[in-house]
Amino acid sequence: MRQSFHPAPQLSREVTLDPVVELRGITKSFGPVKANDHIDLDLWPGEIHALLGANGAGKSTLMSILAGSYSMDAGTIRVRGRSTCFRSPADALKAGIGMVYQHSMLLSRMTVAENMAVGDRSMPRIVRRRELLARASAMAERLGFPLDPQRRVAELSVAERQQADILRNLAREVVVLILDEPTAVLTPQETAGLFATMRTLIRDGASVVFISHRLDEVLHLADRITVLRQGRVVHSAPAVACAPGDLVAHMMGSPAARSEYSSPAPAPGRVVLKLQHVQADGLHGVQSLTDVSLEVRAGEILGVAGVAGAGQSALAEVLAGLRAPSAGSILVDGDDMTGMSAHRFRMRGVRYVPGDRRGRGVAQDLSLAENAALTWLHHPRLGRGHWLSRGAVWRMGADLARSEGIEPGDPGRLVRLLSGGTIQKLIVGRETLQCPVMLIAEYPLHGLDVQATGFVEARLRALASSGTAIVLISEDFDQLLSLSQRIVVLFRGRIVAQRRPEATTPLQLGLDMLGPRSTP
Amino acid sequence: MRRLIFHRRHGRSALHDSLTIAGSIGVALLAGYLFLEASGIDAAGAYRALLVDPLGTSYGFFETLVKAIPLILTGLAVAVAFRMRLWNIGAEGQLYAGALAATYVALFTPDFGLPRAPLMLVAACAAGAVWAAVPGVLRATLGVSEILVTLMGNYVAILVADHLCYGPWKGKTTFGFPMSDRFPDDAALPAFAGTRLHVGLFVGVLCSLALWALLWRTKWGFQVRVAGSNVRAAEYAGYRVKRDAVVVMILSGTLAGMAGGVELSGVLHRLQPRFSPGYGYTAILVAWLARLHPLAVPLVAFLFGVLLTGGEQLQVMGISSSLVDVLQGLILLSVLAADAAANWRMAWVVHQGSALSEGVVHD
């Protein structure tokens, strides 16, 4: 059932009678996935409007439509009462809507002041450097940014880039500023600075949309909170009327009863994987893993939960030998594998189903059969010594297509032409061709249809019961709770909680994921 | 209202590709014909010289094959590097490096009691390999663009050859011309009686077969093809991508260096400055038109051999050789255009006035 919420804003500050932006019936599909399904949303001047939702709820899609980067399939956008149609971000900027993306859209070789002039058609044909600088300095000062507009963007820190990006939008006199997960890359001090900036902006009558995963920040800052789930608005209310527990429940959907998850009896197998105080470096000096220690036993499925970017991909890469930890050690079956190559990990029986299927799991210009052989080159079945038998590769592809139910099962078909679900069957089948010692499954069920999901779930269970240690990285609570025997929660590269499915709820996991500070 | 729309075409057959290339060459020749007529030149006569003489006369045919040999080897060199997305545009420099090493062996080494020609080829391969290994190692270890380093390598090798021809290696029996002395007889590759065609042709065709087998029949070749398609998948699968990249560059340089050795040992029998009419650059076109497939390289090289031989015939007729360049350019452009167009399926759709997509509101 579709609901629509247009409550009048309850603002203690300046109240304007008309919303500055009205979104009605916004719908957008990516293939079979409805990212936005008839979304209605109003933005009022002088408010901070938080958009909450799990990954894939459609927040970024909706805001990208409002900012002109995506076209919509259906719906209307009214800005200050006028119907508009944005064909590009430039159109949206002209109408006063700007967005600061998670990945900076600035030109890194140019200075901050120059970036503020890029794309501005109102600039005179000949631009004076001094005027640009003066304007940039004035704006930076008004917002309290200690930012030198003469510096090149390439030299700026993440937080400074964000400030530069905000300045660039404000230079175009935006009335709506969208910030897509702006705090994800900031330190607490930088976050406090950003919040002060946001308050300054709304005092001047702009409205700010704030996309976030972080419940405590949202409650702290927002005037109004809208929760999206599976492409729909499921809740929209003034922040003062929102309780944290209710918001999490809205984000996660109806919380399942505890008894629904009865994990199989913990296997008493040997310890297969042992991580000790592992650290991994990320970009910009931010650690992507900090002091991670964990154990996985044979026959055990360990779930790893966390919001996007909490360190899951770094963990998967470290476990697969694709990234060497900067500190700490990895033991597989008691052998120290720290710093060894991905090839050595594979030969040790560690197999990996990567989250980025097309980008990492397959070579798309090669055939189904060749991709089936991709990670089995050393296998004697494929040819003696250095030789590769085309017939053996072909048979491997045909066998895999048959056993995994891949349709059409033509081993010569280019992987580029296969659907995402089919590619996943191919990868899962390939990585589990022989029962691995350890399997890392990163978002293995993401975007699969019901049948394929059941297939992969059954495969994971079967592997566990035959003694494989499995690390299951997922964002789906139902999957984590129904498949794993234990769940660890990552938050900013650290393990912040360990839960047993029979002793926890999706709500509890949801709160864990949002960081140690947010408690209902 | 009728509107032309384009659909992306998936999956192309070898037949489709062959027809595309043949058709586009036809279009290019037609355009060239009109161009020649417009320039006031007897186009029919020019085409006879350009196409019939190289293919229809025995002298022309052998000459075409002679010209195709260095193109086969350099074309293979470029193709194998491009397969792994290593943009080696330095086949020309590697060819000169090979030629220099071959010259050194031919003129300045003592007689080992062995025929010199095979030793020259080995030395040429080694020199080309070294010339390409430098950009390969720089790319793999420091991430330096191989495009720039291979390109610079061309200038260095060509100028070193110039220097040697004008200076230290200038021959005593060349009447003051800047070139080396003629190589001793045992430095020549065997030629077919009465022609300039030499066994280098077999070397080229064998290399083409060997490279095909290496890429499609060995595990190492498989790894190279995976890395060329998706380097992240290759890393994920545990392949040693950086090492393979260096090996591919060395292999590429070996083939290009061999082209230099074969050309000197088989045809010129001495080192001359600027002896290559840009074989290493034409090789990029050869490799690209062959779709980086080793077995297609000799065929495409033969076609370019026709153009080169025909160009000489045109010059004999008194027509500027730049016309040949124009024709080559036309053929390449139309093949590339046809190649891009073949990815798309065109269709006319009829638009009803009311068929504007729903929900888009215009001001």
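Buried denotes a relative accessible area under 20%, exposed one over 50%, and partly exposed one in between (1.4 Å probe, protein chains only). The model is predicted: local features need pLDDT of at least 70 and side-chain atom pairs count only at pLDDT 80 or more, whereas totals for chains, interfaces and linings use all residues. Residues are numbered from 1 along each chain as its sequence is written, chains are lettered from A and ligands numbered from 1 in the order in which they are written, and side-chain values rest on heavy atoms, with hydrogens and water left out.

**View 1. The salt bridge between Asp512(A) and Arg499(A) within chain A.** In this salt bridge (a side-chain nitrogen of Lys or Arg within 4 Å of a carboxyl oxygen of Asp or Glu), the closest N and O atoms of Asp512(A) and Arg499(A) are 2.6 Å apart. Distant parts of the chain are linked by this pair: Asp512(A) belongs to helix α17 (residues 506-513) and Arg499(A) to strand β20 (residues 494-499), 13 residues apart. Helices (H or I, at least four residues) and strands (E, at least two) are DSSP runs, numbered from the N terminus. Asp512(A) counts as buried because its relative accessibility is 9%, while Arg499(A), at 25%, is partly exposed. Elsewhere, salt bridges with shared partners join Arg346(A), Arg351(A), Arg430(A) and Glu431(A) into one network. Over all chains, a search of the whole structure finds 36 salt bridges.

**View 2. The interface between chain A and chain B.** On the side of chain A, 43 residues are in contact (heavy atoms within 4.5 Å) with 25 residues of chain B. The buried area, that is, the accessible area (1.4 Å probe) that the two parts lose on being put together, summed over both, is about 2,700 Å² between chain A and chain B, and carbon and sulfur atoms give 54% of it. Within chain A, the residues that lose the most area to chain B are Arg360(A), Leu377(A) and Leu388(A), which together account for 22% of what that side buries.

View 3. By residue class, the side of chain A that touches chain B comprises 17 nonpolar, 14 polar and twelve charged residues. Here Ala, Val, Leu, Ile, Met, Phe, Trp, Tyr, Cys and Pro count as nonpolar, Asp, Glu, Lys and Arg as charged, and the others, Gly among them, as polar.

**View 4. Salt bridges between chain A and chain B.** The count between the two chains is three. In one pair, Glu370(A) meets Arg225(B), and the closest N and O atoms are 2.8 Å apart. In another, Arg232(B) bridges to Asp356(A), with 2.9 Å between the closest N and O atoms. Arg232(B) lies in helix α9 (residues 231-236) of chain B and Asp356(A) in the loop between β16 (350-353) and α11 of chain A, so this pair joins two chains. Both partners are partly exposed: Arg232(B) has a relative accessible area of 32%, and Asp356(A) one of 37%. For Asp365(A) and Arg85(B), the closest N and O atoms are 4.0 Å apart. This pair also joins two chains, because Asp365(A) lies in the loop between α11 and α12 of chain A and Arg85(B) in the loop between α3 (58-83) and α4 (91-108) of chain B. Asp365(A) is partly exposed at 35% relative accessible area, as is Arg85(B) at 43%.

**View 5. Histidine and cysteine positions in chain A.** His343(A) is part of helix α10 (residues 342-347) and is partly exposed, at 34% relative accessibility. Cys85(A) is partly exposed at 23% relative accessibility, whereas Cys242(A) is buried at 10%. Over all chains the structure holds zero disulfides (pairs of cysteine sulfur atoms within 2.5 Å).

**View 6. The fold of chain B.** Chain B contains 13 helices and two strands. Its C-alpha atoms fill a box of roughly 85 × 60 × 40 Å along the principal axes. Of its 363 residues, 50% count as buried. Among contacts in chain B between residues at least 6 apart in sequence, 78% join residues at least 24 apart.
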